[in-house]
Amino acid sequence: MKNMYSIDIEFSPVYECITSFYAYTHQKEVKSYFLEPAWREKTKQLLPASFAAELEDERWEVLHRIVLLAAQSPRKETVGEFLDWLGSLPAGEMYERMAPWVDSIPLNLGEIRDRSLRLLSSWNEHYFSRQEQAVLASLKESAGYLRERAKSIEAPFLIDEATNGIWIEPTESLKRVVLVPQAHCTPTTILDFYRGMATVLYPVIDGEIVKQNPVRQLLATTQCLADEKRLLILRTLAQKTCTLSELQAAVGLAKSTVHHHVTALRRAGLIRAHYADSTTVQGYSIRDAIFAKLPDMLSQYFYDGGSER
């Protein structure tokens with residue numbers, strides 16, 4: 001492939017600490033994650049009342065900037081190590097580290113650093129540091145597995161495999177992709193593009209906060225296939241890659257409805273979403289491999305006891 005970008009596969013508890021904080025503060029999105037239904041309420045009980053009250057109105061829109069700093073940090077073996085580094089980072093150096101990548105940088109970087117440091121320190125103390133090591137172990141194992149896979153397949157295919165259907169197109173401007181395992185926002189992939197760089201926090205299902213459910217993939221697949229309009233979308237994509245507008249014309253539904261369908265199909269791994277230098281989807285294509293796996297998924301469920309008990 002021309003203009004192939006490099007890919008770095010990173011594991012650090014810092015990313016998961018940030019992701020877990022994001023999952024908690026974005027209440028509207030938490031329902032779409034694979035966390036247990038009572039996760040947020042149970043987590044709230046661990047927090048001091050004043051901190052929990054503060055987070056009820058917290059939007060923390062600097063998530064992606066903190067992830068970008070984590071990607072550049074020389075100290076992130078532990079959350080505490082990263083927070084010490086962040087606290088010692090002058091506002092001017094923060095600007096220099098982000099300036100090559102971010103078009104718009106707030107003037108109050110010192111305030112953002114101090115607030116982020118305070119929030120993440122409290123979050124780590126009262127919630128994240130108490131998490132079972134099985135969660136981090138599964139993330140580290142996933143990163144190790146992908147590093148081995150990276151030796152035999154090209155970067156776009158590796159990202160597609162890790163994210164269950166996100167395809168990042170090689171372009172002249174994209175130089176580096178940082179691929180990071182995360183659990184709290186599963187099955188969502190947190191994707192962001194900077195100038196010449198992208199960060200991809202891909203979902204991993206394992207550990208205690210997100211328990212492996214053998215029948216979940218089968219249900220996601222069969223439920224998608226049980227809808228006439230989604231079958232029509234799949235048949236259309238089997239012929240060629242299409243934009244959202246082209247799919248809308250093919251199925252005759254409102255664009256918002258088509259977007260809902262393709263989101264479900266993508267999360268089930270049935271289709272691929274293509275991105276080129278931005279978080280706007282450029283088009284969709286079918287993922288043939290999942291259909292080849294369907295007979296095995298059914299056989300495992302019927303004959304190998306793969307049901308949830």
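The model is predicted, so local features need pLDDT of at least 70 and side-chain atom pairs count only at pLDDT 80 or more, while totals for chains, interfaces and linings use all residues. Residues are numbered from 1 along each chain as its sequence is written, and side-chain values use heavy atoms, with hydrogens and water left out.

**Cysteines**

Zero disulfides (pairs of cysteine sulfur atoms within 2.5 Å) are found in a search of the whole structure. For C17, the closest cysteine sulfur is that of C185, and because the distance is 12 Å, it is too far for a bond. C242 is in no disulfide either, as the nearest cysteine sulfur, in C224, is 17 Å away.

Accessibility is given here as relative accessible area: buried means under 20%, exposed over 50%, and partly exposed in between, with a 1.4 Å probe and protein chains only. C17 is buried at 2%, and C242 is buried at 3%.

**Helices α12 and α13**

Helices (H or I, at least four residues) and strands (E, at least two) are DSSP runs, numbered from the N terminus. Two packed helices are described by the angle between their axes and the distance between the axes. The axes of α12 (residues 228-239) and α13 (residues 244-251) come within 10 Å and cross at roughly 120°. Axes are lines fitted to C-alpha atoms, for helices over the stretch in contact, and angles run from 0 to 180 degrees between N-to-C directions. The two helices are therefore oblique to each other; angles under 35 degrees count as roughly parallel, over 145 as roughly antiparallel, 65 to 115 as roughly perpendicular and the rest as oblique.

In the contact (heavy atoms within 4.5 Å), K229, L232, I233, T236 and L237 of α12 meet L247, A250 and V251 of α13.

**Single residues**

Q45 belongs to helix α3 (residues 39-46) and is exposed, at 59% relative accessibility. Its C-alpha atom is separated by 9.7 Å from that of Y127, 82 residues apart along the chain.

The peptide bond from T186 to P187 is cis, with omega near 10°. P187 sits in the loop between β3 (176-182) and β4 (190-194).

N164 and D277 each have a positive phi although neither is a glycine.
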